[in-house]
Amino acid sequence: MKKQFIKIVLSCAVIAGGCSVTSCSKKSSSSKNVSRATGWKINAKEGGFQYNTDFKEQETAPGLVFVEGGTFTKGKVQDDVMHDWNNTPTSQHVQSFYMDETEVTNVMYLEYLDYLKSVYPPENPKYANIYKGALPDTLVWRNRLGFNETMTNNYLRHPAYAEYPVVGVNWIQATQFAEWRTDRVNEVMLEREGYLAKDAKYQAATGEVAGTFSTEAYLNRPESVYNGQIDSLQGKMKKDSVNTYAKRSSGIIMPEYRLPTETEWEYAAAAQVGSREYNNYRGRKKYPWEGDYTRNGQRVGRGDQLANFKQGKGDYGGIAGWSDDGADITAEVMSYKPNDLGLYDMAGNVAEWVADVYRPIVDDEISDFNYFRGNIYMKTAIGEDGKVNILRDSIVFDTLPNGKVIAMNLPGEIKMVPVDEEETYLRTNFSSSDNRGYRDGDPSSSRFFDRFSDEEDQDDARKMYNSPKHKVERDSLGKLTREYDHSNNRTTLINDEVRVYKGGSWRDRAYWLDPAQRRYLPQYMATDYIGFRCAMSRVGSKSKTKNKTVRGKKAK
């Protein structure tokens, strides 16, 4: 009787609920297009909340290699014969990211120049300095007492050097290349997914449409892209009244290409994933490869040099045909074995710009998670109509201390302004827009902070980094006027416009091949031995889920 009563109660409960226990649980666990918060439909044809519920993980963008993040000892220099004392070993954790397999090559950079020349013709006075400002400085090859004119005239453009790393590019130009690359790759993604018509990306370059594509402009004001002509360039998704334009929640737009941080670069160069030895984990790895020598110790290729570097005074490659490293200046990318992450030339060939502002000491008390010095927080400028401001013809040019004029924005991009008190009020994690000098160069870093004054030279000299302040301007006629800082109170060349570069180059001895070594150069200067490669942040899971197990269960 008791068992019968229980059966009746269960039956009533099922009838009242409108489904069986099995079907209810199945519905709640498998309906990914039904909100677990409200029970509403997601991605309904009728409209409402639209979200990519099929997104699995970030795909690897063109040219990049996945680098799984982890812990390592940053700044553990194995040899310090220079006694620079400009590094302090610190334990750091790096989030997963992507990095270029090779340095940016001449042919990659020439594609960028060709695009700028096509979309912003230099013969148009309004655009003249856009193309000119992006040109690498080929004169970096010249030497007062050396014959290098062949490289001056041929290195950038001759097809013999197509797959050699680009040089003569300053830090600002490198960051602008990364911004351009972001937009071009996202055009490909949108075309592939049907948000842009096939070959729409070429129409701006050929002059068929005015204006160009900007990723952030597309995300914030898609109707403004291609100078307001995007309607004629939309793909099959135009027929979908709900998903006419891709959004960040669509999962299609790739994060931006950028320069890697110093911490990311050093972590990727050390490639400790290839060795689980305790000493390597704690930062005892001297080069991007195993061992303490620069020659191959394996049976195949024994004795071959593992990188392109200067082996001694007057010795840039070794004796021809015997111990030669295969290069006298730079070498074609992928000429040497990659490290355990699949990255080429993380030692030798060219040194590389990274994103960080240089400081002599890395303070381990500031951050042990994704350490980076150089943050300048910006926000989109909002107009009176409540929409973000799109820069049409108001191109902002900047004259660098060496007289080079560079466009700081391109037409069609979003106007960005520093964050203000509206974002910083009562915050504990940041209080200002510019954080480059935080705790090492800002007023609070010095005991003379209460006497700081930008108007008086004697007070300026009390600052921690009182570098020279040269003034270079162009008048309305384009004439360059230079005013040098002749003050006797300057004590350093370090300021917030000096950037770190990492890795040894074809001009450097083996000492500089150590991934922990660091040097600096003003961000407006270029050389014949500094190049760069791009990075991209990883969004979502720390590791790729394919063939991995998550909490004991095999990932789908």
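**Close-up 1. Aromatic ring pairs in the predicted model.** The count comes to 25 aromatic pairs, where rings of Phe, Tyr and Trp (its six-membered ring) pair if their centres lie within 6.5 Å, and where planes under 30 degrees apart count as stacked, over 60 as edge-to-face and the rest as tilted. One of them is the edge-to-face pair of F72 and Y267, with 5.2 Å centre to centre and 70° between the planes. This pair links distant parts of the chain, since F72 belongs to strand 2 (residues 70-74) and Y267 to helix 10 (residues 262-270), 195 residues apart. F72 is buried at a relative accessible area of 2%, and Y267 also counts as buried, at 13%; here buried means under 20% relative accessible area, exposed over 50% and partly exposed in between, with a 1.4 Å probe and protein chains only. Because this is a predicted model, local features need pLDDT of at least 70 and side-chain atom pairs count only at pLDDT 80 or more, whereas totals for chains, interfaces and linings use all residues. Residues are numbered from 1 along each chain as its sequence is written, and side-chain values use heavy atoms, with hydrogens and water left out.

**Close-up 2. The stacked pair of W141 and W506.** The rings of W141 and W506 are stacked, at 5.8 Å centre to centre and 25° between the planes. W141 lies in the loop between helix 4 (128-134) and helix 5 (149-154), and W506 in the loop between strand 15 (498-502) and strand 16 (518-522), so the pair ties together parts that are 365 residues apart in sequence. W141 counts as buried at 3% relative accessibility, and W506 counts as buried at 5%.

**Close-up 3. Helix 3 against helix 6.** The axes of helix 3 (residues 106-119) and helix 6 (residues 171-192) come within 11 Å and cross at roughly 75°, the axes being lines fitted to C-alpha atoms over the stretch in contact and the angles running from 0 to 180 degrees between N-to-C directions. The two helices are therefore roughly perpendicular, a class that covers 65 to 115 degrees, with angles under 35 roughly parallel, over 145 roughly antiparallel and the rest oblique. M108, Y109, E111, Y112 and Y115 of helix 3 make the contact with Q173, Q176, F177, W180, R181 and R184 of helix 6, contact meaning heavy atoms within 4.5 Å. Ring pairs also link Y109, Y112, Y115, F177, W180 and F532 into a cluster.

Close-up 4. The four strands have the order 1-4-18-5 with antiparallel pairing, where helices (H or I, at least four residues) and strands (E, at least two) are DSSP runs numbered from the N terminus, and two strands pair if DSSP finds at least two bridges between them. Strand 1 and strand 5 (257-258) stand at the edges with a single partner strand each, so one side of each is left without a neighbour in the sheet. Strand 1 pairs with strand 4 (residues 97-100) over four bridges, and F66 has Y98 as its bridge partner in strand 4. Three bridges join strand 4 to strand 18 (residues 535-537), where S537 is the bridge partner of F97. Helix 10 packs on the sheet, touching strand 1, strand 4, strand 5 and strand 18, and its direction makes about 75° with that of strand 4. Both faces of strand 1 (residues 64-67) are covered, with L64 and F66 buried on one side and V65 and V67 on the other.
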